[in-house]
Amino acid sequence: MARLLDVLRERLELTGTKEGCGEGECGACTVLLEGRPVLSCLVPLVQCAEREIQTVEGLADSVPSFFEQFVATGGVQCGACTPGIVVTAAALLVESPKPTRDEVQKALAGNLCRCTGYEGIIRALIEEAGR
Amino acid sequence: MTRALTPSNLREALSLLGEDPGLVPMAGCTDLMVTDPVERVELPAVLDLTRVRELRGIRRGKEALEIGATTTFSEIGSSADVEELFPALARAARVIGGWQIQNRATLGGNIANASPAGDSLPVLLVLDATLVAASTNGERRIPYTEFHVGYRRTALEPSELIDRVSLPIPVPGSVQAFRKVGTREAQAISKVVVAMLGRVEEGKLADYRLAAGSVAPTPVRLAEVEDSIRGRSVGEETASLAGSLARAAVKPIDDVRSTATYRAFALERVVRRLTLQLI
């Protein structure tokens, strides 16, 4: 079955969404399906008809300050996990506009980052929420 | 190419499955889409259940709480009724995968996938769940303790869908506990997973139920341990006995995630600690 991830990247050329593990472990391919973060590598395209999908490209317009925060805190290094983290974070801030550190850590538990040690990412989010 | 059927109600879904029992039912796809891509291509036809409204949602009745098969773990983990009546299930729902997985993975999928490591399954076993299966012939109620008949084999017929799970509301005073042991808290497949329900009356265990996953070819209810423990006084001694009996009752295996030795060791410790929570 065609994966949402491949259709986004290869047919729609929305390459902001990354493929990491391809088996639901790493969170790099996170997109919003009806507003909720999901892994696009595990979503068959057939389930997407008439359902709203939002990718990191769609968030670039609505929350530009996000990206600045990630850069400012050192929350971005190699960048492979960043789009997935930005998407998950955006969903968290809708659900919990002033998240606690614990909430941030739980929300991001499914997004693996092997560079930053997470500290910069968590700080970026808490500071973004503090604005 | 895989043929995908997308029924919009339960009657249509059951009739499609009745005509072609080879259809693979799917909902959250968090297990289905992880299988070898080659296998995925070979799936001849799938039955998408995500548009079948009747299968989704949590309904509280006088005697039981019913959870529809395609209810997601996010929905279960954030339900006030589940938290109040079945805290062990709420806890399990919140440690299955990560947030993204919980938004897609469903209770019915966890059951149908029938992995011995499925985290919600030991909880359903101790809650005395009844599984309601549906087909064009109507409904069939299956005691959940009779559902897992062998490694990845279940009592579900090819023409049946899991419709819902019915959980009897526990006697007041019942205490539930859940513990998963994995490499990390999120996104881990369990090395050992344990659920317990107990009720103490006048210092003695009037009810004691124990189930575990990842220690046998199926999730298991440890009935022989329960029989030896029920009626005993709560305390260190009983908790230690429960742990050692549980360890003796299972034959875990070595695999990529853990070893038989560690699983047996962890099971004993977890059972002891959970049982101590009854004091």
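I looked up B:Ala211 and found its bridge partner in β14(B) to be B:Arg221. Strands here are DSSP E runs of at least two residues, helices are H or I runs of at least four, and both are numbered from the N terminus.

I note that this is a predicted model, in which local features need pLDDT of at least 70, side-chain atom pairs count only at pLDDT 80 or more, and totals for chains, interfaces and linings use all residues. Residues are numbered from 1 along each chain as its sequence is written, while chains are lettered from A and ligands numbered from 1 in the order in which they are written.

I then checked β13 (residues 204-213) of chain B: two bridges join this strand to β14(B), and they run antiparallel. Pairing requires at least two DSSP bridges between two strands.

I traced the open sheet of four strands in chain B, with antiparallel pairing and the order β11-β12-β13-β14. In chain B, β11 (175-181) and β14 (220-221) each have a single partner strand and stand at the edges, so one side of each lacks a neighbour in the sheet.

I looked at what packs on this sheet and found helix α5 (residues 87-94) of chain B, touching β11 and β12 (192-201) of chain B. The direction of α5 makes about 20° with that of β11(B). Contact means C-beta atoms, placed from the backbone, within 7 Å; axes are lines fitted to C-alpha atoms, for helices over the stretch in contact, with angles from 0 to 180 degrees between N-to-C directions.

For the whole of chain B I counted 11 helices and 14 strands.

Definitions and conventions
Contact = placed C-beta atoms within 7 Å.
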